[in-house]
Amino acid sequence: MANKLISQMGLPPAIANIFAARNISTAKDALSMTELDLMALLDVDLGQVKSAVSRISEIVCPPYQTALSLTEDRIRSERSGGHLPTLLKGLDDALCGGIPFGSLTEVVGPAGIGKTQFCLKLALLAALPVSYGGLDGRIVYVDTESKFSSQRLMEIGRSSFPQIFQSDRVLKEMGGRIVVLRPSSLSEFTERSVAELSRTPVIVTNQVRGQTNSEALHYPFEGQRSGAVKSPESFESHLVAALGIQWAHAVTVRLVFEAHS
Amino acid sequence: MEISNLPISPSHRGKLLAAGYTTLASLSSISPVQLAQELNIALQEAYDILKVTSESRNFESCNEGLGEGASLFSHSRAKTAWDMLSEERSLRHITTGSQKFDAILGGGIHCSEVTEIGGAPGIGKTQLGIQLAVNVQIPVDYGGLGGKAVYIDTEGSFMVERAYQIAEACISNTLDKFNFQGMDMRACQEKMQLNNFLSNIFYFRICSYTEQIAVINYLEKFLEEQKNVKIIIIDSITFHFRQDFDDLALRTRVLSGISLKLMKLAKKYCLSVSVLLFNQVTTKFTEGSFQLTLALGDSWSHACTNRIILYWNGDERHAYIDKSPSLPSAAAPFSVTCEGIRDALPQYKRARTT
C-alpha cells in the first residue's frame, strides 16, 4: 500500500502531473513530507496540497473493520477462529484457542527446556488434516541451530497420532509438507511481514541470559534503590530473554518455558 | 503580516513581491481582475490569492484587537480563561477500570487531550487500550461517555477474543453496580449488548509508517462520517518509526506533523475526542548509567499533552503521571486480570522470569 503509485490514484490530472514532474511517484514519497514542504516543492498553494494529501491518504489507508466483523470473519473463514491449537489444554485456554494467526509468537526458555520439541510438535499439528485439529497446511521450518530432527518428528507423530501415522505413505505426505531451511547467516526476510500479510502463525524461539537485580533498568523517576537494603532476593539472578527490549516490543506473544521443581 | 508568510505557492509569492506587494494591507483595495493583469496570472488564481489574503487579515485584526470591544470576540478564535474554565469543568473522563488509577488521573483519561502511555513490553499497554475502547462505550446514564472507539493497531497485538472477554466483564460489572443501586435492569441490559460493544470498535491494521500517516490524515473525514467516536487509540505510535527510518531528521518532522494533526483532531470536535498514543521503551545513558526512557527521542517527548508511564514496581504494575499540565506527579498500582484492568490484587503479581 505504501508503494502505490500516485499516477494510478485518480487524482486530478493537473496535480498528478505536478507530482510526477517533481519525482514524487509513490504514496510513501508524498506522505513522508510535511504539507509546507510539499507546497514549496510542488509550487502550488496550501489548499491544493491539503486536498491532494487527503485524497492520497484516503486511498492508502487500509480499510477498517469493526471488532464484531473481525470475530465473525475469523470464525467463518479461518481454522479454529484464527488459532493453531497446541493441544495443551491450559495453554490453549490461556491463548484463547491456540497460537494466533497473523502475529509473532516467541518461545523463550533455558537450554534443554523443550523449545525445539515444542516447535516440532507444532509443525506436525499444522500439517495434520483439519479433522484432527490441524491446519492441513505447509510449514516452513527455519533451523538456525541445526536442531531439526526428522526422525524425532516422525516419532512424535507415531506416538501422538497413531491412528494417522500408520503407513509410510502418510509419513511421506506429512513429512513432505514441512520445508526445512538452514540459513547460515542473517537472511533478508523479515518474519514480521510474513505473519502480517498471510495470516499464518509464526513462531520463533529465543535464548535466555542471566541478569542480576543490580543490573535491572529503571526509569529516572524511580530514584536510586537504597544500597543498604540487602534482601536475600537481591543476590538471586533471574533469567531474562536475550535480544533486549526492542526485540521484546516486536513480538506479540511471548511464551516463557521454565522448570518448576 | 507579510506576504512572505502567506500559504500560497512560491511562484505566486515571488510574483507578488516582484510587483511590489509586500504587506497584506497593500492588497486590500485591489480587485482580482487588476491583480491578474498585473501579475500575469489566471483570474481564478488571482481570486484565490485574494481570498487567502483576506482570511489572514481577519485573523490578524482579531488578535490585535483583543480586549477592545465585544464585537471582535465573535470573529476571533481566541477564548478567555474564564470561558475555558466552564468548558474544562464539563469535560468528562473515561474510566480505566482501576479506581486508584482513575484517582491519580482526576477521574480517568481526559477528553480533548492527547495522552501518551509508555511502558516496557508486557506491562499492559494493549490491555489498557482494549479496556478503554470498551469503557468509552458505557452509556452516559451509567457514568460513561456512550461513545465509539477507533483502534489503530500497528503491531498486530489486538486480540478480538480479549476484547470480547473485557466487554463481557464490563457489561456484567456495570449491571451489577446499577442493580445494587436499584435501577431498571431491563433498560440497562438493552443498552448494553455485547455485540453492540464489539461493533462500536473500529479497527485499522497498519503495516507501514506510510499507512500510519495516511490513517491519521483520513481520521478527520472518518470522524465526520462516524459521529460519536470518543476515543482514538494508536497502539503503538512507535513501532514503524523505529524499524524503517534511517533519516532521523525526517522522522522528527514527520512525528511532529502527526502530533499536530492529532491535537487538532482532539480539539476540533467540541464533542471531545480523547487521543491515546502508546509508546515503547528504550535505554538511554544519562547521569552515568543506563536508564529506561520512552522511545522516539527528546523532541517527541514535547509533543503530547499528558504522559503516563507504566512500570513494574517490584512485582506489581504501577502507573506514573510523568507529565501533565493539570495533574500532580503520582503513582498508582493496578493489575491486569481476566476481566481487564482493575485495582491491584495480590494474586496478579508477576512471575519471576521475564
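Predicted model: local features only at pLDDT ≥ 70, side-chain atom pairs only at ≥ 80, totals over all residues.

User: What are the ipTM and the mean pLDDT of chain B?

Analyst: The model scores pTM 0.85. In chain B, 90% of the residues reach a pLDDT of 70 or more, but over residues 65-76 of that chain the pLDDT is below 50. The values asked for are an ipTM of 0.82 and a mean pLDDT for chain B of 84.

User: How is the aromatic pair of Tyr219(A) and Tyr311(B) classed?

Analyst: A pair of aromatic rings is described by the distance of the centres and the angle of the planes. For Tyr219(A) and Tyr311(B), the centres are 6.3 Å apart and the angle between the planes is 75 degrees. An angle over 60 degrees has its own class, and the pair is edge-to-face.

User: Where in the two chains do the partners of this pair lie?

Analyst: The pair crosses between chains. Both Tyr219(A) and Tyr311(B) are buried. Tyr219(A) belongs to the loop between β8 (208-211) and β9 (238-241) of chain A, and Tyr311(B) to strand β10 (residues 306-313) of chain B.

User: Why is the pair of Tyr151(B) and Phe158(B) classed as tilted?

Analyst: The ring centres of Tyr151(B) and Phe158(B) are 4.7 Å apart.

User: Which strands stand at the edges of the open sheet of 10 strands?

Analyst: The order of the sheet is β1(A)-β5(B)-β4(B)-β6(B)-β7(B)-β3(B)-β10(B)-β11(B)-β12(B)-β13(B), and its pairing is mixed. Each edge strand has a single partner strand, so one of its sides is left without a neighbour in the sheet. The edge strands are β1 (65-66) of chain A and β13 (340-342) of chain B.

User: Which residue is the bridge partner of Ile152(B) in β5(B)?

Analyst: Strands β4 (residues 148-153) and β5 (residues 201-205) of chain B run parallel and are joined by five bridges. One aromatic cluster includes Phe202(B) and Phe204(B). The bridge partner of Ile152(B) is Phe204(B).

User: Which residues of helix α3 (residues 35-42) of chain A are buried?

Analyst: An α-helix has 3.6 residues a turn, so residues three or four places apart point the same way. The buried residues of α3(A) are Leu38(A), Met39(A) and Leu42(A). They cover an arc of only 100 degrees around the axis, which puts them on the same side of α3(A). Their cover includes α1 (13-21), α2 (27-31) and α4 (46-60) of chain A and α1 (10-18) of chain B, and the buried residues asked for are Leu38(A), Met39(A) and Leu42(A).

Methods
Residues numbered from 1 in each chain as written. Chains lettered and ligands numbered in written order. Heavy atoms only, no water. pLDDT = per-residue confidence, 0-100. Contact = heavy atoms within 4.5 Å. Phe/Tyr/Trp six-rings, centres within 6.5 Å; stacked < 30°, edge-to-face > 60°. Helix = DSSP H or I, 4+ residues; strand = E, 2+ residues; numbered from the N terminus. Buried < 20%, exposed > 50% of the residue type's maximum accessible area, 1.4 Å probe, protein only. Pairing = 2+ DSSP bridges. Arc of directions from axis to C-beta.
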